[in-house]
Amino acid sequence: MNRTLRLLGVAAFLVAVFVVVPLLISVTGRKDVYYTLTSVALLSIASAGVWLTFYIGRINMGQGAFALMGAYVTAVLVNHYGVAFWWTLPAAGLFCAVASLLIGLPILRLRGVYFAMVSLVLTEVTRLLALALPVTEGAKGITNIPLPGAISLFGLTIVPDFATLENPRIAFYYLAATLMVLCFAGMYRLVHSRIGHICMSLQQNEELASSIGVNIVHLRLIAFAISSFLGGISGATFAAVTQSVYPSSFTVTDSVNFMLNCFLGGLGYVFGPMLGTLTLYFGWNLLFQTGEFQLLIYSSLMIILMLVLPNGLLSLGEGRRKG
Amino acid sequence: MEQVIANGLYLGAQYALIALGLTLIFGLMNVLNFAHGQMYVLGGFITYAIYGQLGLPFPVAVVASGISLAVIGGLMERYLFRTVIRRSHREESTMLLAAATAFFFDAVILLIFGEKQRGVPKIVKGVFNDFGVIMPYDRIVVAVLAALMILGFILFMKYSRTGRAMRALAQDRVAAQLMGIKVDRYTMIGFALGAMLAGVVGGLLVSITGVNSGIGGPISVKAFLMIMIGGAGVVGGAIAGGFILGMMESVGLTVLREYGDVTYLVIFAALMIFLAIRPNGLMGKPWG
């Protein structure tokens, strides 16, 4: 029963994302929503990475750094070396994963606020590096990144060339949504696997986990690498969507926002980051009409939400189930 | 060279004072107060309004900044942080709250004071020029005041009843409670004191660098750096961290000038290496 319910839920979600939303948009004619939803999907991938580091008990404010790295890897490879976007996407992810292994080896020893602050500094370092390095072309950034080309297998076109499409935004929406679904399916699988349960033990007590034979160094590096991989993928796709990347594309604010998305959705729930990103991003855009009071209302709502639901939006369902 | 050291000391004194407030709040409650820079800005604007616009004496304005921030800090602890800490499963939730209050302050400051850079008339005129050091008198006054306040703060924490209670709290919350310390009250006083320090520094510095609504975030990041260098939650660490960052900035700006704007890149990189070797900063306690 429970299993069928869950399958039905997944099916409903997939139908909603891939069929209902495009239908609704074509009915109402608000094509701009595609861009918003693409952003939400991509940001939620990065947030999912942050969530995974929360899962091993680290407050990660460095995701902006990896998103920026990923964006630059794609931009440089596509623009300077003429590599196809579809190859640069995994390359960006892998680059970030390797970078995170090198960076993570020393800094993952830190805990609590120390890790939080070092990762915050990492975001800033990456921005400053992007400004200083020659390959990233400084403050003017890399612009005019061509749209992704076609993918064909045995002469069969699977993905059309984005540039030939009438509205590439729809294509990007499908791309981002697919990535998001894959990402969260993977996360769900990971968290409910053996490794996921061991990660949970890291969150609670690393020494104890270590004392019963869990290789904690290994495990937290893996988690951090996966997290950064997701950040890189998200950043790379963002670069393709906006066709540009600047040192200010992902800053400390973005890193903090990724973290807030996780908090808002609920740290105890795999799908928390998705819900959190959707709520925060849409909430922010909806409040745009209030003009100068946008930030005031937004932050007040956030404070109130925090007072009422300190364990995230998804804890609402849990409370009802218990009661 | 003398100039570089003098600049470093001047920067260090003000930085140390900012870091003290942050580290006090962290030590007492394990809350990383993201809104610290915004409190600084708020203090600056209050002094600007009272001294620059109403024309009241500068000390009155700075004291007013301190008092209003202390009240705001006390209220924040009582009605926001205490509630969230009590209801939340995970300690980190306070970070979201802190970030939200930082946004909130940003919004309030922007609405009330606008986005313009604001300055006030100089408090002392003239420039000190001797021993190869050129430094305006008002900077010297502010640095000395900051140093005196740091000294006062240390003495307060060391010898007063409140200070002793707060140190006990930072060391071991449960033990302190068992010894009959009113935990809630002293946590609130500590938060108010931390906020007050931020407000006072903001008030002092508005007479030199001025203030604008956008600098809150960068100030917070700098304050984080300082307490990381020194070790979070330790008074001595915050002071050391403040002076070290001030010195590094001053030296970096001189030495690395020809390479462009890389001072902070170097500082950040050095910090990451340093923390990899000493994860708890210079004198921080291990943090689990």
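1. Helices, as the term is used here, are DSSP runs of H or I with at least four residues, numbered from the N terminus. In this predicted model, Thr74(A) lies within helix 3 of chain A, which covers residues 63-81.

2. The relative accessible area of Thr74(A) is 0%, so the residue is classed as buried. Setting aside neighbours within four places in sequence, Thr74(A) makes contact with Phe85(A), Thr88(A), Ala92(A) and Ala236(A).

3. Helix 11 of chain A comprises 15 residues, 272-286. From first C-alpha to last, helix 11 reaches 21 Å, close to the 21 Å expected at 1.5 Å a residue.

4. The buried residues of helix 11 of chain A are Gly272(A), Pro273(A), Met274(A), Gly276(A), Thr277(A) and Leu280(A). These buried residues pack against helix 1 (2-28), helix 2 (32-55), helix 6 (168-191), helix 10 (252-265) and helix 12 (294-308) of chain A.

5. A disulfide is a covalent bond between the sulfur atoms of two cysteines. With a cut-off of 2.5 Å between cysteine sulfur atoms, the count over all chains is zero.

6. Cys199(A) counts as buried at 5% relative accessibility.

Notes:
Residues numbered from 1 in each chain as written. Chains lettered and ligands numbered in written order. Predicted model: local features only at pLDDT ≥ 70, side-chain atom pairs only at ≥ 80, totals over all residues. Heavy atoms only, no water. Helix = DSSP H or I, 4+ residues; strand = E, 2+ residues; numbered from the N terminus. Expected span 1.5 Å × (residues − 1). Buried < 20%, exposed > 50% of the residue type's maximum accessible area, 1.4 Å probe, protein only. Contact = heavy atoms within 4.5 Å.
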